[in-house]
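Please keep the sequence and the model in view while reading.

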Amino acid sequence: MHEVLRLERVRVAIQGAEVLRGISFAIPSTGLAALVGRNGAGKTTTLRSVMGLLPLRDGQISLNGEKLGDLPPHRRAALGIGYVPEDRRLIGQLSVADNLLLPAWAQGRTDVKKRLAHVYGIMPEVRALATRKAAQLSGGQQKMVALARALMSATKLLLLDEPFEGLSPGLGEKLAEVICDVQRTGVAVLVAESDTKRVSFVERIYTIERGEITEQIDHR
Amino acid sequence: MGGSLRFIPFLLLGLALITAPFVLSGWVLFLLTVAGAKALAVLGVVLLLRAKLLTFGHALYYAAGAYAAGLGVKYLGLHNGFALIGLAFVAGLGVSALLGLLVIRYRGVYFALLNLAFSMVLYGILLKFYSVTGGTDGLAFPAPTFGLIGLSEASLRAQLYELTLFLGSLLFYLTYRFFASPAGYVLFAIRDNEVRVAYMGISVNAAVYLGYIIAGGLAGVAGVLVGLSVGHITPDLAFWSQSGEFVFVAILGGVGSVFAPVVGSILFEFVRNYAFELSPYTWQMTLGAALLLIIFFLPGGVWSLVGLARTRSGP
Amino acid sequence: MRLLLVVLLDGLAYAAWLFLVSAGLTFTYGVLRVLNLAHGNLYALGAYLGATLLLHYAASGSEVAATLGLLLLAAVIIGILAGPLIERVFLRRVYSRDEEVQLLLTFAISLILEDVTKLIWGVTPVVADMPYTSFGSVRLGGISYPWYPFLLVGVALGLAGFLWFVVTHTRLGKVLAAVIADREVSATLGIHVPRVYTFAFTAGAILAALGGALTAPMFSLVPGIGADVLVISFAVIAIGGLGSIGGAAVGSVVVGLARSAAVYFFPELDLFTIYLIMTLVLLFRPQGLFGEIEIRRI
Amino acid sequence: MNRYRKVLAGLLAAAGLSLFVATAKADPPAGAPASLKIAVVAFLSGPASGPFGIPARNAADVWIEKINREGGIGGIKVIPVFTDEAGPADKVVTEFRRLALEEKVAAVVGYISSANCLAVAPVADELKELTVFGDCGTARVFEEGKHAYVFRTNAHTVIDSLGAARYLLAMKPDVKTIAGINQDYAWGRDSWEIFQRSMRQLKPGVQVVDVLWPKIFAGDYSTEISKLLVEKPDVVFTSFWGSDLVTFSRQAKARGLVEQSIVLVNNTGSDIKDIPATVLIGSRGPGPIAPPDVEKDPLHQEFIQLYKAKYGLAPNNYIAHGAYHFTQALQGLKVAYESAIKKAGRWPTTEEVAAALAYSTFDSPAGIIQMAIGNGHQAIEPAPFAVIKQDPAIGAHVFTEIRSFPAACVNPPDGMKSLDWIDRGFPGAKC
């Protein structure tokens, strides 16, 4: 089984302070992994580095064995990486449908309708919101839309930053189901989370502490 | 031991500055006087920039100081240099205390714009009340007297230089102390994160108001010192391009130190004058290119060179 | 009553001009969050090139469409030459720096462009007012008006409508909205943000130059016209709200009518009008009539 | 390349000529410097550079070349130092001090802005620097102060607007209503004040229907023109200049204001081809709008030829009084230096040159200049006015109805303030 995502001795500094201190881990294809750690441990920084939003001081990140180097974020999205930031960050003045279509327009994709149908297939509740303005949605709805938007790009890898934060237990369960569905379509998933209990459904948990992976737990 | 030795360069610098009139040419001395005076206005801009408040209207207080003194000459018959400086300082403080009540509520580009609007209104007033202010032709500033010293008029340039040096040093020292005071730290903290400062139970607006008034008073003194040196004032003192020049010089010098505005101001005056001399037809291009070089290669302003030299030469 | 009509007509014609010269500044600020102090110089370049093209190709009077076409061509040439150059070579390198550094950078470029314009076109006034005089005139309220300023009213309305349509109803507009709202997330969605910035700055530059080109038939051109326009359009967009096209339109109408009324009823106040309005508006609505309050980040 | 070669050839020729002249002439006076540096200060940037600054600078350039070709001043070659006048007063004064103290120029010629003349005058006295103002207008310089080292070899602004009033009454004696439109800055205010007070004296009962004050360099005057069209005054007086005048007069023409009212311009700096026909126009001093007899003046002809040869334009068609004024300043200096040399028998001191220039009379491309008022530091000049007409024969604009009011008619006598003189009904005026 080849690895979709591999990080090797990744070092990242923010404003001179080293936040990631030589992180190495990997996610196998069709894998479902979580990165668990306290606030400030380096989870968000890891995801942002994978997305290309932060420059690496040292080390390598590769997707399907290909080194990403200093590829800019928009090129990584085009490679099939979807990213759900922690605070949702929808484009409030655009409709839900426009939010979903943005990645397709930006990447100049031709299979827009197919892709949209695919995402609606996984998350039918988003279809019902399509014409509403993103700013008018509730927090929970926005989380789901942000996930749907990331899925428009995520043909290979989906990155989620604390997706369960602030969700009701019921909605949380539903989200977990969607994540499992996504993984079943052949997309590797990496979830960043502070609470191990919320990610009991994943196959592998990496624990991160002060910018280093301290533990790896495999379920199943 | 190290402490007392470090004092020596400052002593030498001070001595050099005080004795400058006996050594330097009249033109350089004049240039230093004007640059030193303007550095006070720039210091006010730097003070506000430390709190991330960019103003495009600081020339308002510069002009207020100059015109308060100019009208003092014209209508009150004042000729005593100290009285004129006092008048300008009070004008700078007073106008900024009044307008400060309004502008300190704003941040970012709106703060910059509101200040610009006020300065342009003053510009308009100075232009309009032609019979009082002389309109664009301006007001003359006859040579002031400094009753206490009683020196001859021939040494006026040297007197003005020394006055600017001593008064400037005093105000720079006081501003330096202000930077180190709790209110000064609050201003600096606002730069990083205003809301967090507010959470700490500190009145942000009170600190900004205080900073704004100090900046206004500094500019007022700068205005009268330039007026006395030049001998003539015009509404251009309040024009937006003058405010732009202060910001230009602030960035040129850097906001890291109270000394930076002086260095920036002197450098600017020389660069501008040499740009005129080298290419009278395209001096603006020369200035623009110089500014680009500083932005890209000396992002901390000219003052960062001093810091660089210091780290190179060891502790 | 007749006087009111004249005041209104003059005010609207002036408002149209204000909108045409300030649209570029507010557009650039809207997308890049950079106040382009070289705006006035792009305006001047557009005006000079527009006048030059008119003098070469339309000297003996010309049709409206051909004239407007030439002026638009001048604007596009200036925008495409200057826009990408300024954005890619200079501005791009300071996005991560403080706001004041970005302002200074555009100020430096403005100083350079001022002399570039002078080196190309010299200092003697350039006059190309054929469209102003030869497009005929109309009698309204008992006095004669040339058509050209009213043509500009039409152009301004058309431009406002066009910009509104692009921003709200096209994919391009939605991509712009995304970049404006969240630069970083836009990049993660696959939007090539630097390219969008170059595009937006170039579009702003074309608009600035277009304002100048359309002005060329009305004014005679001399060094320094850019600085005045910068301050005026600055005030207009501050009144309307920085970054808002609609705000610039409303700000233009407010200032246009106020100035016209000032000329008729308080000629001594002419100089002040624009700054008085700007001060009043900023005092009661600091974000401008249509601006959005920026959220302070913790 | 071609241009470069031309310049080089010109330089060589000039050098050769001056060498020839210098050797041909008698030895320079005792104590003479190797060369005479003269600063030339004029707007080289900004809106005043086109109509005034650059023509003035170019005129000084060709005139100094001519002076050097003919042996220099008192046998000494003149080296010009050109600088830009633009910038706020503190910059202008700093630059003046640099010229005086660092460049050590013998004299400073120039300044177009009144504000700059007012700012520079006291500094010139302080530094004992011989300074000849080249173009600025304000009467305040010598009416509010005495300046030992400062001169102005052109008339002050009173002749512009008083001349306009006199010309108006000559052309339209039955004028009843006037309106004013002037740029909102000091010179615009001065112009209107002098014109209005003069009209009050010369034809009491004329009604002022409106006074408009647009911002200087506002660019567009549509609204103002609409208002003037509504008010229908007999005469619209304006002190616009440069691009503002071009725009205003052309818009006024396009909208029929020029046909409805007489448009009267007190003093202009614009190309004659850019001003519509039937506009009444004046010039400060008789250079650009030359009365027929001045046209025969050899200095005038020489100036036009030199200027045209080097800069391609005729300074008289391009109504650039700044160009003439700068040659007047240089002529004044030359004559003063040479008479001071004669008197002293050696190279003169600055004070001796100043004494020679005061109350002197000398010839210039704009005719005879008399340093008659302001303690001999201020020149008086006649005030020429004309109507612009399209001449179908040559297909260009020409001046018609030229009338020049003699210097003694439009200048106050020595020692009297201009506004007092006007309000007292022009005592001593010889018209």
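A residue is called buried when its relative accessible area is under 20%, exposed when that area is over 50%, and partly exposed in between, using a 1.4 Å probe and protein chains only. By this rule D:Cys136 is buried, with a relative accessible area of 0%. This is a predicted model, in which local features need pLDDT of at least 70 and side-chain atom pairs count only at pLDDT 80 or more, whereas totals for chains, interfaces and linings use all residues. Residues are numbered from 1 along each chain as its sequence is written, chains are lettered from A and ligands numbered from 1 in the order in which they are written, and side-chain values use heavy atoms, with hydrogens and water left out.

**Which chains touch**

- Contact here means heavy atoms within 4.5 Å.
- Four pairs of chains touch, and the most contacts among them are between chains B and C.
- Chain A and chain B are not joined by any contact, and their closest C-alpha atoms lie 13 Å apart.
- Chain A and chain D do not touch either, the nearest C-alpha atoms being 39 Å apart.

**The interface of chain B and chain C**

- Chain B brings 44 residues to this contact and chain C brings 46 residues.
- The buried area, that is, the accessible area (1.4 Å probe) that two parts lose on being put together, summed over both, is about 4,300 Å².
- Carbon and sulfur atoms give 76% of that area.
- On the side of chain B, the residues that lose the most area to chain C are B:Tyr110, B:Tyr281 and B:Phe296, together 15% of what that side buries.
- Two salt bridges (a side-chain nitrogen of Lys or Arg within 4 Å of a carboxyl oxygen of Asp or Glu) are found across the interface of chain B and chain C.
- One of the salt bridges pairs B:Lys128 with C:Glu268, with 3.2 Å between the closest N and O atoms.
- Helices H5 (108-128), H9 (194-199), H11 (240-253) and H13 (283-297) of chain B each give two or more residues to the side that touches chain C; helices (H or I, at least four residues) and strands (E, at least two) are DSSP runs, numbered from the N terminus.
- H5(B) gives the most to this side of chain B, with 14 residues.

**Disulfides**

- Two disulfides, defined as pairs of cysteine sulfur atoms within 2.5 Å, are counted over all chains.
- D:Cys117 and D:Cys136 form a disulfide with their sulfur atoms 2.1 Å apart.
- The torsion about the S-S bond of D:Cys117 and D:Cys136 is about -105°, so this disulfide is left-handed.
- This pair links distant parts of the chain, 19 residues apart: D:Cys117 is in helix H4 (residues 114-127) of chain D, and D:Cys136 is in the loop between strand S4 (130-133) and helix H5 (140-143) of chain D.
- D:Cys117 is buried at a relative accessible area of 0%.
- D:Cys409 is joined to D:Cys431 by a disulfide, S to S 2.0 Å.
- The link of D:Cys409 and D:Cys431 is right-handed, with 80° about the S-S bond.
- This pair also links distant parts of the chain, 22 residues apart, with D:Cys409 in helix H15 (residues 407-410) of chain D and D:Cys431 in the segment after helix H16 (418-423) of chain D.
- D:Cys409 counts as buried at 0% relative accessibility, whereas D:Cys431 counts as exposed at 64%.
- Counting bonded cysteines along the chain, the disulfides of chain D follow the pattern 1-2, 3-4.
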